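Please take a moment with the sequence and the model below, and then follow the paragraphs from the whole chain down to single residues.

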Amino acid sequence: MTTLDDQARAILKKNDKGGYTLPTHGLYPYQWNWDSAFAAWGFATFDNARAWDELDTLFASQWDNGMVPHIIFHQSDPGYFPGPDVWGTGQWPETSGISQPPVAATLARLIWDMDPEAGRARIARLYPAMERWHRWWHEARCGHGPVAIIHPWESGRDNCPDWDIGMAGVDGSRVAPYTRRDTGHVNPEMRPTKEDYDRYIAIVEFGRDVGWDDARIVADGPFLMADPGITFILLRAHEDLIAIGDALGHDTTELQGWAKALRAALPVIWNAELGAYDARDLRSDAFAGVLGSGAFLAYLADAATPELDAQLDRVWDKVNFGIPSADPEAASFNPRKYWRGPTWPVVNALIALGLTSSGRHELAERLRAETAELIRQHGFYEYFDPIDATPCGGADFTWTAAIWLTWAGKAPATAVKGAA
Ligand code: GLC
């Protein structure tokens, strides 16, 4: 009988392209940044060397300015749009021109904990690259205080309501003609609309036209919003990188300064009226005014407040499985549409890591049990309807398999150290 553990390992192997792992065949035929870090965490449960290889391949595509791209187009695939010609970054291998949530240092630290002896030389080699990436975040994206994203895709929570006010100001009417590919792989009802897609492409075209010059994009680009999700992920990652650096005998003073500055900026994304952390349009200063799952990543960075605890109870009690990506009581909520309501096992794993680090063990265990139930009922899908558990998006998904092996599939007492 194959167990779910066997199935999860088989998915990682099936999606393994040799040194990097696809999120899933068909829908996502390249290497994605934060997916890869989760893949590494999953591999670490049965092949530690392969875990480090995944991170090495990701950082091998780091740009000279320190940015680690959100997609690396190792082998061209006509089944995906927008491909390397649209991004036009001039990198080799070709890449996109934006980044994605910097979970790598946090997960590298967990992987190192799983086999400290084997990992020491591997993490020591990666450390300077991770530090350069964190410097890039600080210099290129933290000029307004919290982390600013220049494209919704940079957040990893591509289509969530957090970005609606910023997207409303983007003119998508003049983009070059194109054919989408995502809607040929999964139900179009679950994917972003054509109007959204036109705007996504318009932002990419702006970046390409200015040669991916970060200063120009931040100053004049069509979209600039503060993202609570990445802000908390980066804050946690800074702290994990400091711990790694200290253990390796590096001077971490500079990193400590970046972490301190980022923590000091948290009031900028606290929306008192909403009673929660909130995305903010940095052109107009307006808050998005919607609670998204990014706010609950505050637990990761020891930045929770009693109001946030109350919000978590409220939104969680409105659904049956996991933490929804958007507020179930908001008008924009849609339980099956991409990031506008569904629950993502991988985000649940990150929130649970935060709940555990902040001592909220019962909540972490509830989240683990609910996430495990979704996977037991339906398999390793990309995401799920949090009300009736309908599986959505791509099947045999790498990061869902990875978080099963490291967290969701573990009985509470045997979960990997540091996870839930
Ligand atoms: C989607 C998700 C993004 C993820 C990618 C590959 O674009 O929104 O977070 O990295 O798919 O799984």
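In this predicted model, buried residues account for 61% of the 420 residues in the chain, where a residue counts as buried if its relative accessible area is under 20%.

The chain contains 16 helices and ten strands. Its radius of gyration is 20 Å, close to the 22 Å that the globule rule gives for 420 residues, and the chain is therefore as compact as a globular protein of that length. If you follow the C-alpha trace along its principal axes, it spans about 55 × 45 × 45 Å. Of the contacts in the chain between residues at least 6 apart in sequence, 71% join residues at least 24 apart. As for charge, the chain carries 37 positive and 57 negative side chains, and the centres of these two sets lie 2 Å apart.

Some details of the backbone deserve a careful look. Most peptide bonds are trans, and most residues other than glycine have a negative phi. The peptide bond from Phe81 to Pro82, however, is cis, with omega near 0°, and Pro82 sits in the loop between strand S2 (71–73) and helix H4 (84–87). A cis peptide bond also leads from Trp92 to Pro93, with omega near -10°, and Pro93 belongs to the loop between H4 and strand S3 (94–95).

Two aspartates have a positive phi. Asp302, with phi near 55°, is found in the loop between strand S8 (280–281) and helix H13 (306–317), while Asp396, with phi near 45°, is in the loop between strand S10 (391–392) and helix H16 (398–408). Are these residues buried or exposed? Asp302 has a relative accessible area of 63% and is exposed, whereas Asp396, at 30%, is partly exposed.

Key
Residues numbered from 1 in each chain as written. Predicted model: local features only at pLDDT ≥ 70, side-chain atom pairs only at ≥ 80, totals over all residues. Heavy atoms only, no water. Helix = DSSP H or I, 4+ residues; strand = E, 2+ residues; numbered from the N terminus. Rg over C-alpha atoms; globule rule 2.2 N^0.38 Å. Buried < 20%, exposed > 50% of the residue type's maximum accessible area, 1.4 Å probe, protein only. Contact = heavy atoms within 4.5 Å. Lys, Arg positive; Asp, Glu negative; His and termini not counted. Charge placed at Lys NZ, Arg CZ, Asp CG, Glu CD.
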